[in-house]
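Please examine the strand pairing in the model shown here.

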Amino acid sequence: MARSKAGDIVIVDWRGGALPKEPNRLRPAVVVEDDELFDPSYPNVLVVPLTNDPLLAIPGLAVTIEPTRENGRERRCFALAPSVTSVSANRIRATASRIQRNQLAEIRLRIAEAIGAGLPP
């Protein structure tokens, strides 16, 4: 199977091993890694989980994703940029859905903000 590309919406199986307040079920996520940076055989994928719960969306750090035919969402959801994580490629199921380039750029910007990129150490 081909490696997912940045902007793809995938289904991640987070069941098993999650602690309280961590994802713990099948959940959609957006692939955010640089397609050119990682070799296709690299075993993990960088993703940001999606949620329909606005209470989990930190204002200014979550990116709102409105439903479209391309992204396959049935209602508004939120990309939780501060929850960026690396997951095993074995936990990922590809879908035909993807977000727009400008949404991917906004998620990456929010990730940088959340980790303090560009700030002095």
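**Strand pairing and burial**

Q: Which residue stands opposite Phe-78 in S5?
A: This is a predicted model, in which local features need pLDDT of at least 70 and side-chain atom pairs count only at pLDDT 80 or more, while totals for chains, interfaces and linings use all residues. Residues are numbered from 1 along each chain as its sequence is written, and side-chain values use heavy atoms, with hydrogens and water left out. Strands are DSSP runs of E of at least two residues, numbered from the N terminus. The residue opposite Phe-78 in S5 is Thr-51.

Q: How many bridges join strand S4 to S5?
A: Two strands pair if DSSP finds at least two bridges between them. S4 (residues 62-65) and S5 run antiparallel, and Val-63 stands opposite Ala-79 in S5. The number of bridges joining S4 to S5 is four.

Q: Which residues of S5 are buried on the side other than that of Cys-77 and Ala-79?
A: Buried means under 20% relative accessible area (1.4 Å probe, protein chains only). Strand S5 spans residues 77-80 and is covered on both faces, with Cys-77 and Ala-79 buried on one side.

Q: How many residues of strand S2 are buried?
A: S2 covers residues 26-31 and is mostly covered. Strand S1 (residues 8-13) pairs with S2 in the antiparallel sense over five bridges, and S2 pairs with S3 in the antiparallel sense over three bridges. Of the six residues of S2, the number buried is five.

Notes
Buried < 20%, exposed > 50% of the residue type's maximum accessible area, 1.4 Å probe, protein only.
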